[in-house]
Amino acid sequence: MNSDLVIKDLHVSVEEKEILKGVNLTVKAGTIHAIMGPNGSGKSTLAYTLMGHPGYIVTGGEAWYRGQNILELEPDERSKLGLFLAFQYPVAIPGVTVANFLRAAINAHRAEEGKDPKETAIPMAQFRKQLREQMTALGIDESFARRYLNEGFSGGEKKRIEILQMAMLEPSMAIMDETDSGLDIDALKIVAQGVNTLYERHPEMGVLVITHYQRLLNYIKPHFVSVLMDGRIVREGGPELALELEEKGYDFLREEVASA
Amino acid sequence: MTMKTFPPLAEISDALVIERSRAAGEPEWLTEQRADAWRFFASAEPPYWRRTDLSKFKPEQVLAAADTAATSLYQEEDVTDQGVVFTTLAQAIHSHGDLIRRYLGAAIDSKRHKFLALNAALWQDGVFLYVPKHVNVELPLTAMFSMPIPGGAIAPRNLIILDDGASVTFVEEYHSVAASDQAFAAPVTEMFLGNDATLRFVAVQTWGEDVYHIGAQKVRVGRGASVEWAAVNLGARVQHIEAETALEGDGSRVEWVAATFAADHQNLLTAPWLRHIGAKTEAHMDFKTVVKDQSYTTFDGMIKIEHQSRATVSRLEEHALHLSPKARSDSIPGLMIDTNDVARAGHASTSGEVDEEQLFYMRSRGIPRDEAIHLIVMGFFEPVLDRIPNDALRQRMAEMIEAKI
């Protein structure tokens, strides 16, 4: 079974406006792949579409992962297949604690058809131990386990909780949507370290890092860099491409694309 | 369970009410009060309520309870040696007649509508709770009311009196296990808090599906006293509850939360009134409603800041969540300010379907849609359930809500 994420000629519209205009991209299992692009290029649209947000309408193309066209699956089915999206703007769920939410998510992953959910559920002690370990590693205070998910959290706290969820769910293909936005350098380092630790523990996993700036890529080193502009991948390369963009800005590419 | 009953309501006369009262050895003032209330009930037209559907309500033939078989009292510790009185009102009338005479009817006007008068005329069930000065009762005291015969009627009368500095948790619970014929509950609860007293009041309504519940509750709050009021409304075919907190004493306060969940064809109305009378009174109200299927709920609230009040703080939150497009929830919040001296008064209200962004977020973590809705609804009610001091009761409420989603 192929654990690469293979996106073919993906077209996506939001409110009848075409945002992605034929994206072709392969994120290989076991690699870290950065997508860079200026504002409005379609980066977040790509992230949301891969996870199955109902507001993003796929008008053409495919996205294959583990033998399935994931565009035909519900968001929860995609999650169970191993996909994970770290949100740029995580949503608050009032009244649902971080611990209860995570337990529900883990148990949903462990559920098996025809089996009593009580049988497949993670034992409470094991869950608590895992949660405590991961929170410590990410420098999240224990009290957060009992707080309502993302309610009243600062931008940095929300991002850490996203990484906590990723660490607990152990996805095989993680998409990080502008995880660096709104983070100061210390928070950025912790978040990046969380991603790197998980990747070291699961070297077979794929990571798609979506970012506007090169800054994050100093801490999460990509194997490949693709540039998204006006709904299309316009350039692919290695880590040196990110540095080139940092130096020259997106305009030089825009001019290149226009004259091509 | 068996219970004695009155004849059908249509066949009762004031002479019978007087006869029964005297036979029970009740004091003359109460006999007169009952007869007077009965005459009002018999002559008054049914109230016209735009949002409470009484078109199928036929109380003429119901058999009202003539004993206290529907009342069960629970306490986890013996509190009598602290001077606390916790017994049926029917019993207490013989031992604490003078105290009852002073307070009975001193909060709620029986002639506001005929069903309150019915309660004043025929009450048998109900509890009397008196907590003396500076006595602190740790564990909750519970009065549970059931519907002992199908198609019956009960009119519990609850009188709760906290002397200065006293504190207690009182739970009133209305429940029937199975569906029955059209039944009728007309309870009235009056609560009085002396200075610096603290009352945690939990009111739970989980009747079966054919019960009409038409009731009233009011608490009068003394100087520096505080109330935590949590209401959970899950049952009944029709509910019409008029509830009031009167912050009379300076520095008195209330934290008032409610959870209402209507499904099928339920028609559940809550009309909470909040009156700021004393200086520096403070109120926080948080009312949560979930509607499903073809149910209909109404929040008909009113906050009144009286002329003599000063430096009032008042905050109202009311939120409704719709689980199906045919369900309906009306919200009619009112605010009357009769003074220039208000410290803070605020109101927030939302109504709508389950948030798609929340659903997507949860589903992106592998949680299936149905379960995500469960979690969102439970989370929505969490601030209310969190206020129920009794673990077993909280657990039971959570399970009933779960089952209803």
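Is Glu15(A) buried or exposed? Glu15(A) is exposed, with a relative accessible area of 78%. Here buried means under 20% relative accessible area, exposed over 50%, and partly exposed in between, with a 1.4 Å probe and protein chains only.

This is a predicted model, where local features need pLDDT of at least 70, side-chain atom pairs count only at pLDDT 80 or more, and totals for chains, interfaces and linings use all residues. Residues are numbered from 1 along each chain as its sequence is written, chains are lettered from A and ligands numbered from 1 in the order in which they are written, and side-chain values use heavy atoms, with hydrogens and water left out.

**Two loop residues in chain A**

Glu15(A) has a positive phi of about 45°, although it is not a glycine. Glu15(A) sits in the loop between strand E1 (5-14) and strand E2 (17-27) of chain A. Helices (H or I, at least four residues) and strands (E, at least two) are DSSP runs, numbered from the N terminus.

Glu178(A) also has a positive phi, near 50°. Its loop runs between strand E7 (173-177) and helix H7 (185-201) of chain A. Glu178(A) counts as buried, at 10% relative accessibility.

**A sheet in chain A**

Four strands of chain A form an open sheet in the order E2-E1-E4-E5, with antiparallel pairing. E2 and strand E5 (68-69) of chain A stand at the edges, each with a single partner strand, so one side of each has no neighbour in the sheet. Two strands pair if DSSP finds at least two bridges between them. Strand E4 (residues 57-65) of chain A and E5(A) pair over two bridges. Tyr65(A) has Gln68(A) in E5(A) as its bridge partner. Helix H1 (residues 43-51) of chain A packs on the sheet and touches E1, E2 and E4 of chain A. The direction of H1 makes about 110° with that of E1(A). Contact means heavy atoms within 4.5 Å.

**Two helix pairs**

Axes are lines fitted to C-alpha atoms, for helices over the stretch in contact, and angles run from 0 to 180 degrees between N-to-C directions.

| Helix pair | Angle | Axis separation |
|---|---|---|
| H6 (356-363) and H7 (369-385), chain B | about 120° | 9 Å apart |
| H3 (98-110) and H6 (155-169), chain A | roughly 35° | within 10 Å |

The chain B angle makes H6(B) oblique to H7(B). Angles under 35 degrees count as roughly parallel, over 145 as roughly antiparallel, 65 to 115 as roughly perpendicular and the rest as oblique. The crossing of H6(B) and H7(B) is right-handed. Their contact includes Leu359(B) and Met362(B) of H6(B), and Ile373(B) and Ile376(B) of H7(B). It has six nonpolar, one polar and three charged residues.

H3(A) and H6(A) also cross in the right-handed sense. A crossing is left-handed if the near helix is turned anticlockwise from the far one by less than a right angle, and right-handed if clockwise. Among the contact residues are Phe101(A) of H3(A) and Met168(A) of H6(A). This contact has eight nonpolar, two polar and no charged residues. Ala, Val, Leu, Ile, Met, Phe, Trp, Tyr, Cys and Pro count as nonpolar, Asp, Glu, Lys and Arg as charged, and the others, Gly among them, as polar.

**Covered elements in chain B**

Helix H5 (residues 114-122) of chain B is mostly covered, with nine of its nine residues buried. Strand E14 (residues 226-233) of chain B has seven of its eight residues buried. E14(B) pairs in the parallel sense with strand E12 (residues 198-206) of chain B over eight bridges. E14(B) also pairs in the parallel sense with strand E16 (residues 253-262) of chain B, over eight bridges.
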